[in-house]
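Thanks for coming, everyone. Please look at the model on the screen. I'll take the pocket, then the strands.

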Amino acid sequence: MKPTTKSSLVSIFVSCRPSLVLLVSCLVVMFFVTANALAQSKNNPVDKFAQMEDLLPTPNAYRTASGAPGRNYWQQRADYDIKVELDDTNQRLLASEAITYFNNSPDPLSYLWLQLDQNIWAKDSENLSTQVAPNFERVPFSTIDNLIARREFEGGQRITAVRDAKGAALPYTVVKTMMRIDLPRPLAPSQSTVFSVDWNYNINDARRIGGRTGYEFFPGDKNYIYEIAQWFPRMAAYYDVYGWQHKQFLGSGEFTLEFGNYRVSITAPDDHIVAATGVLQNAQVVLTAVQRQRLMKARAAKSPMFVVTPDEAKANESHKPAGKKTWIFAAENVRDFAFASSRKFIWDAQGHNVEGHPVMAMSFYPKEGEPLWSKYSTQAIKHTLTVYSRYTVPYPYPVAQSINGPVGGMEYPMICFNGPRPLPDGTYSEGTKYGLISVVIHEVGHNYFPMILNSDERQWTWLDEGLNSFVEYLAEQEWQEGYPSGREPKFITDYMKSKDQVPIMTNSEDILQFGHNAYSKPATAMNVLRESVLGRQLFDFAFKQYARRWEFKRPTPADLFRTMEDASGVDLDWFWRGWFYTTDHVDISLERVRLFTLDTMNPEIEKARRAKERAEQPQTLSEQRNKTLPKRVDAEPTLRDFYNTYDELVVTARDREEYLKFLATLTPRERELLQSRTNFYVVDLKNMGGLVMPVILEIEYADGSKEELRIPAEIWRFNNTEVSKLIMTPKEIRSIALDPHLETADVDISNNYFPRRPEKMRFPLFRDPPAPPNPMQPDRRQHPERQSVP
């Protein structure tokens, strides 16, 4: 829709005094013809409230029209047995895995697809070759270092063997970040197959090169922290909507994975502490007796307690490993596996009860994270599990962990990587404090989206990031009053009116303004839906239904949209269509306010009123100056006649007689209506931004009282560009404010008021900077003898 030009507010009251019949006709025509005429044209038809059959997939036996899984819903499964060794000398991983793949689909599969995400670091990767040039107007050293290091790094997974269960080689083809394994015979429905893969790769320097995984080197003590993810060949998802999801990994679209059980053996230097997805199986081998005792005591502790103390971690930094240890972890029904390893780790832990389910909340961090991490990380984990479980499903896993290292914020089942640290002197800013709390809430919250509600991240980033950011906002608001969250509608307005954007429903790799599109806008949309469209009770019930329906399953956007409507009983197609499928923004303008009052038809009343209005009319400048001019009729009185003294506003006997005749024709009810003192205010609204939204009006009356009107978005259903709302009241309206609580993300609130308010601005004063020194001045300071002598 083309943007319309804003018209200025006609902030006047128009007093309309027709006869009773004409007044009724006027109102009927205004509100049932003009306002309700569908805003359509043959050239540019627009229906903001059209149902979404043209956008949503047809319901079937796998996914129902209600948004629930269908009677024939299925999903694949993959179990992993992995053995990996961390080479702390060369920063490499060497590993092998056995995968048991279960074909629960109705389709025979001739080949299998696996993800090789580490190939994003290969020198011939599309991630590197499609990077655009940076802005060279102002380039920090870190950018040049990154560009050089990225091109020098020998990255990528090296597949050394692919074998079947009997050890025979299987043919395979590597296609960039994907690998196809050709099966000797099709894998039939309800059957499984076992195969193994051997591989190795160089670990990236996450501080220099970046990434969701990698290592950090500490020059002071010459130690490393490893945060390892996307490290093993993982089964690509095969599901009813897209078949194989093998869209290449270019860096933005994250991961689409299958649930399964994991047993992972991690061999590391014997002085390392290892944290990983799942539950440690051999604590008696890898932990000291004191550490095991502390860990047991932490289960019932009233606050986080150290399993590895700061002093122990600091002493460990100068330790030289005597050998290796193998840490064994097991995880059930998870979609991924990640781990972290370092001799620098401090480790604290506390048991936490989540709706009757015991969970160990644990944090791992170097001394560089103190004093911030021991104070906030594990506490933020517990808080997240409590709040998220209330709004979605109870946390099902036995462990939740937060790791400090080079990765700024990244999520995996039961474990997440979080970056904020204090300054080297131990002080920190307010932004760092809340940055840590928020990133822990956000990344731990990802256990729910997408680790439990297993959406397709490669296709739809927002379906996990946006929903997670929304619930993160709810959790932040329960941390403390006035928590500095950024998901209020008022914070998204600059983005909403920006030009370089695409709809939320855009593939993950093609998004512009990624953070706003995939995080802020969908999170804000859900907040608006909860607060201003559905209300908290309806929204919370419907949102929980979505979580419960799709727990440990793979939802799509259509399943969310349909479930929210199905469980709330409210048609939301206009909301999904506008917020998620367009780049329209909210800008509703309060164009003008008109006042209609009834004409009593009583000449004593009406002519007196008109005479008063006439007397109050201002004299024009010419009228004022012409008043003193000599007049011809004063010099020639014979020129005067009847009309020189006639006043149409003087009540005559005929006026009174006509009025009595009129009253005689009225019924008692009509006489009662004629005496009504109701004010009919017509508020004209214009949709400048294109996005239809509820209309929230705060009305202030002349007696000082206030009233709030909340009008559903359906007021726009017949005309989505202009509507007029009738307000009937015996009181006089002093002012009207549109969206008084800043709840709709209206991008321009200057047109939200009657009467218009001045736009308040401030400007600073400054001194002109001194002129830069001329070339002679530095020379004279260094060589006074060169000064000329007069």
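**The largest pocket**

The largest pocket holds about 440 Å³ of space. Of its 21 lining residues, Ile 120, Trp 121, Asn 127, Gln 131 and Arg 150 are the closest to the centre. A pocket here is an open set of points on a 1 Å grid over the protein atoms alone, where a 1.4 Å probe fits, with protein on both sides within 12 Å along at least five of seven lines; lining residues have an atom within 4 Å of a point. The volume is the space filled by probe spheres set on those points.

This is a predicted model: local features need pLDDT of at least 70, side-chain atom pairs count only at pLDDT 80 or more, and totals for chains, interfaces and linings use all residues. Residues are numbered from 1 along each chain, and side-chain values use heavy atoms, without hydrogens and water.

Which helix gives the most to the lining? Helix H3, residues 141–152, with four residues. Helices (at least four residues) and strands (at least two) are DSSP runs, numbered from the N terminus.

**Strand E18**

Now strand E18, residues 339–342. Phe 339 and Ser 341 point one way, Ala 340 and Ser 342 the other. All are buried, meaning under 20% relative accessible area with a 1.4 Å probe, protein chains only.

E18 pairs antiparallel with E9 over three bridges, and with E14 over four. Pairing takes at least two DSSP bridges. Tyr 226 has Ser 341 as its bridge partner; Ile 273 has Ser 342.

Terms used: Buried means under 20% relative accessible area, exposed over 50%, partly exposed in between (1.4 Å probe, protein chains only).
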